[in-house]
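Hi everyone, thanks for coming along. I'd like to walk you through a structure today, so let me put it up on the screen.

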Protein chains: 2
Amino acid sequence: MTDSVKYLLDEQALPKTWYNINADLPEPLPPVLHPGTKQPITPDDLAMIFPRAVIEQEMSQIREIEIPEPVREVYRQWRPSPLHRARRLEKALDTPAKIYYKYEGVSPAGSHKPNTAIPQAFYNKQEGVKRITTETGAGQWGSALAFSGAFFGLEIVVYMVKVSFQQKPYRRAFMETFGATCIASPSDTTESGRAILEGRPDSTGSLGIAISEAVEMAARRDDTKYALGSVLNHVLLHQTVIGLEAQRQMEMAGDYPDMVIGCTGGGSNFAGIAFPFLGERLREGRKVDFIAVEPSACPTLTKGKFAYDFGDTAHLTPLVKMYTLGSGFVPPGFHAGGLRYHGMAPQISHLTHLGYIDPRSYNQLECFAAGVQFAKAEGILPAPEANHAVKAAIHEAEKCRESGEAKTILFNLCGHGHFDMQAYMDYMGGKLKDLEYAEGEVAMALAGLPSVP
Amino acid sequence: MTDSVKYLLDEQALPKTWYNINADLPEPLPPVLHPGTKQPITPDDLAMIFPRAVIEQEMSQIREIEIPEPVREVYRQWRPSPLHRARRLEKALDTPAKIYYKYEGVSPAGSHKPNTAIPQAFYNKQEGVKRITTETGAGQWGSALAFSGAFFGLEIVVYMVKVSFQQKPYRRAFMETFGATCIASPSDTTESGRAILEGRPDSTGSLGIAISEAVEMAARRDDTKYALGSVLNHVLLHQTVIGLEAQRQMEMAGDYPDMVIGCTGGGSNFAGIAFPFLGERLREGRKVDFIAVEPSACPTLTKGKFAYDFGDTAHLTPLVKMYTLGSGFVPPGFHAGGLRYHGMAPQISHLTHLGYIDPRSYNQLECFAAGVQFAKAEGILPAPEANHAVKAAIHEAEKCRESGEAKTILFNLCGHGHFDMQAYMDYMGGKLKDLEYAEGEVAMALAGLPSVP
């Protein structure tokens, strides 16, 4: 009998609490500021768009936060998710490294996004909300919220970045099958959308614009709240179920990672796998590296500025201190829609600034090549976003081949690529190019950062 | 804590043997006949297109057949697959029935097909074969063989029914990503293909034609064999891993099915879940019903004839006794490509003829409606093929609501619908219609059945 290729926890081992890294930060997070007064925001400021339970989590300093039983019940449909040892990939790479991956593509929406969509839907339902608005880029977040809405009997309205709305009709159909309404953003349903369309009628949209529209719509109606799929503390908190499971699975494997790798758009899947391990480093000094991988064409952590900025284009959101390319930045149209955000989660930005996380960027062609190599060895076709983590893992394993070191690599395979076949077709047909971001545009967007006293 | 929503077996519980129902048949299967001599075929007759190990299994009467360890190693990546209790669906249906489903969509190819693709690739590799040809309709089988080929280092050539080749470029891209070659059938690469194209240059193909092409190509080259994704005994044998796991999982749930339901195209996923339970009925007289669900537009079991027929259009395959609509029958273009076969597995045909299996048919609109209802309740979007099983399960649960009976329903959710979003878009856009098969065409096709002494 060969060694295990996957480590499964039984349902009883599903974590009962999420891990809140705020409790272990060496320095507290810079405060979130009200966009008007530029003073630290209060829970009341957020109550217009978020339910109370979520606001409490957003600001909590408690290390372990209970996962409500109705949320665990839904989680149990596919969680604990499997941890795989990539033995065939190791063999193909001829590396002494041990490569593990946590596979979040087993969720019904095909990615890690339901980990936060479900509790957010639950808390909203509990507080009597009827409708949730949100934005989506690649569509993974919108899909997750759509099916969470179906479970909890909530109406879901998704502002989908127009270019994705057009390029990914199947993602849209997936959301609509679950009863969600999809609106191409910028749209004429909001003031922020109309303002953009007046200036640029042919705008293909951006996450920043779609967020503005969704937030505006939620603020305008009493029975409607807003949900965000990444960036904020409570979202990252919910995702830690990934890393908490992975810790127990690595124990089953009798191993501990030398490095933990995830791709970063807004930061939630990276935080999900990394924070529980990072907490051990912060509390107990365990030696482990953290590699946050982003696309070269939207290099928030590697080329952005650590500064206060808005989360959206119309400047309706609070100001958060984060790595940013400027809220006016619109990245080029590469095929990893989930990684096209101008900012980065404040917690990840803070920990990167303090030196605990090593950011790194790759171009899309090398990421697709890594994804195809991974698929041929492991049988799973990763989402273009996940390919960034795959690329870094392969890169590190190749370094081990050179050095002879048998490092233990853990990465998060945050979703499958079943809805991204056009991207793979373009890649295999030689139609994809590496894209560069416009340095001038970033400079301009950064010059326009809000001044904070 | 609520009751379980899924039952997971650990890796150690992965079956070590497949179950061969030939050992328990009340009457032996009618012999398979050589297409030329019409005498029972010998292993040598099949050696041109199948490896020896597969031929042995095809003809075996041994009840338990060992699953080779290298096959179990690949199985372990996603097997044992989960068994779910559909509690949310039960609630939505307000039924006293208990609904369980075995979910095969967790495999890397998204369906049950790898259960046989992997052993077939393994046996071919073991016997020195370099290349496997096959046919695919919907693309699930081709995808499964493509990734199995990548694992075992075999070249895979897939004849894909032309209409699917055109309608499903993403399925094709999926296969090509794993290194397989896809050829639209009918093609000019084979005599059978050229013969069809001469008569009907605009032919959109059929599974029967694609099988002829794949078999011809395998027969022509020494280093090339052929693999079939359904119908034959050894394929159904490999799929019994589904039902063997489900038996242990139903035990975990403290339950036993009153009925087992699966959709039937060639019959492999139905046999996979049903045969181990059917064996218990045959050996021990356990009371359990078996419902084989097919599309009304290709009603092999419900409207076909139990007779000797060819498996393909060009009459290259042996003659098998089965329910058939005639090998010349081309079904209308409904959206469940995997259920568009003119014949049915001989084992299933035989057991249906003997009264052990109850066949039933549904039209596509009611199947899609059931699929959407299932998705909203359970979060998983089924493949159009699987929707037939879903429809029957919901139908039975509704009957229980009327009668007040708390029956236990087990069905096989054989795959997800991520590559079938066009069908869902058409359905939700009101563009789908129920299709009727041409009765005259079936009468003609049946009139042309070969005469067997």
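I'll start with the contact between the chains, then turn to salt bridges, a helix and a couple of single residues. Please keep in mind that this is a predicted model.

Let's begin with the interface. How much area is buried between chain B and chain A? The figure is about 4,300 Å², and carbon and sulfur atoms give 60% of that. Chain B brings 48 residues to the contact, and chain A brings 48 residues too. On the chain B side, B:Gln77, B:Tyr170 and B:Thr177 supply 16% of the area that chain B buries against chain A, more than any other three residues.

What about polar terms? Across this interface the rule finds zero salt bridges, while 14 residue pairs are in polar contact, both partners being at pLDDT 80 or more. Several helices of chain B give two or more residues to the side that touches chain A, among them H3(B), H6(B) and H15(B). H8(B) gives the most, with six residues. Sorted by class, that side of chain B has 27 nonpolar, 11 polar and 10 charged residues.

Now for salt bridges in general. Over all chains, a search of the whole structure finds 36 of them. One joins the side chains of A:Asp420 and A:Lys168, at 2.7 Å from N to O. A:Asp420 sits in the loop between strand S15 and helix H17 of chain A, and A:Lys168 in the loop between helices H7 and H8 of chain A, so the pair ties together parts that are 252 residues apart in sequence. Are these two buried or exposed? A:Asp420 is buried, at 6% relative accessibility, and A:Lys168 is buried as well, at 17%.

B:Asp24 lies in the loop between strand S2 and helix H1 of chain B, B:Arg283 lies in helix H12 of chain B, and 259 residues separate them. B:Asp24 is buried, with a relative accessible area of 10%, whereas B:Arg283 is partly exposed at 38%.

For a local example, take A:Glu396 and A:Lys399, whose side chains meet in a salt bridge at 3.0 Å, N to O. They are three residues apart in helix H16 of chain A, which separates them by about one helical turn. A:Glu396 is buried at 7% relative accessibility, and A:Lys399 is partly exposed at 41%. There is also a network of salt bridges linking A:Glu11, A:Glu69, A:Arg72 and A:Arg76.

Next, helix H9 of chain A, residues 191–199, where A:Ser192, A:Gly193 and A:Ile196 are buried. Down the axis of H9(A), the buried residues fall within an arc of 100°, so they line one face of the helix. A:Glu191, A:Ala195 and A:Glu198 are exposed on the other side. What do the buried residues of H9(A) pack against? Their partner is helix H10 of chain A.

Last, two single residues. A:Glu127 lies in the loop between helix H5 and strand S6 of chain A and is partly exposed, at 36%. A polar atom of the side chain of A:Glu127 lies 2.7 Å from the backbone nitrogen of A:Arg52. A:Ala246, by contrast, is in helix H11 of chain A and is buried, at 0% relative accessibility. Beyond its sequence neighbours within four places, A:Ala246 is in contact with A:Lys102, A:Phe277 and A:Leu410.

Key
Residues numbered from 1 in each chain as written. Chains lettered and ligands numbered in written order. Predicted model: local features only at pLDDT ≥ 70, side-chain atom pairs only at ≥ 80, totals over all residues. Heavy atoms only, no water. Buried < 20%, exposed > 50% of the residue type's maximum accessible area, 1.4 Å probe, protein only. Helix = DSSP H or I, 4+ residues; strand = E, 2+ residues; numbered from the N terminus. Arc of directions from axis to C-beta. Contact = heavy atoms within 4.5 Å. Buried area = accessible area lost by both parts, 1.4 Å probe. Salt bridge = Lys/Arg side-chain N within 4 Å of Asp/Glu carboxyl O. Polar contact = N/O pair within 3.5 Å; in protein donor to acceptor, adjacent residues only side chain to side chain. Nonpolar A, V, L, I, M, F, W, Y, C, P; charged D, E, K, R; others polar.
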